[in-house]
Amino acid sequence: MTDEPLRPPWQMDWTKQAQHDFQNMPVEGSDLIMSARAELITAEDPYFRGIDADASLPHWMTVRPLASTSPGGPHIVDLAGGRGWLIFTFMRRHADPQIVVTEAFWA
């Protein structure tokens, strides 16, 4: 075992409700969610902290804290100008860092 910090790709887990909602959304929404998932699990920091840190994201995806008072808490990925979103938390645990999706929505 090394003392180096763990690096992507990160694990991603879903709550039962988020998984259910994802499985029941139209293909257009699930395709964008899967593309957003690929961006999140391969990002050095899934919260994209810092000025213009998310500049490399696709134009249809933005990531921001769910509450401005909690920049280290849950984040929202807005998809396609607000047509859908993912709410997730990134847990940087030493042994097993992971992203937990708590809500998936497509309108």
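Modeller: Contact here means heavy atoms within 4.5 Å. The model is predicted, so local features need pLDDT of at least 70 and side-chain atom pairs count only at pLDDT 80 or more, while totals for chains, interfaces and linings use all residues. Residues are numbered from 1 along each chain as its sequence is written, and side-chain values use heavy atoms, with hydrogens and water left out.

Colleague: What do the buried residues of helix 2 pack against?

Modeller: They pack against strand 1 (11-14), helix 1 (16-23), strand 2 (61-65), strand 3 (75-79), strand 4 (84-91) and strand 5 (98-106). Helices (H or I, at least four residues) and strands (E, at least two) are DSSP runs, numbered from the N terminus.

Colleague: Which residues of helix 2 are buried, and why are they placed on the same side?

Modeller: G29, S30, L32, I33, A36, L40 and I41 are buried, that is, under 20% relative accessible area; exposed is over 50%, and partly exposed lies in between (1.4 Å probe, protein chains only). They cover an arc of only 165 degrees around the axis, so they sit on the same side of helix 2. The arc is taken from the directions from the helix axis to the C-beta atoms. V27 and T42, on the other side, are exposed.

Colleague: Why does W14 count as buried?

Modeller: Its relative accessibility is 16%, so W14 counts as buried.

Colleague: What makes the pair of Y47 and F90 edge-to-face?

Modeller: Ring centres of Phe, Tyr and Trp (its six-membered ring) must lie within 6.5 Å; planes under 30 degrees apart are stacked, over 60 edge-to-face, the rest tilted. The centres of Y47 and F90 are 6.3 Å apart and the planes stand at 80 degrees, so the pair is edge-to-face.
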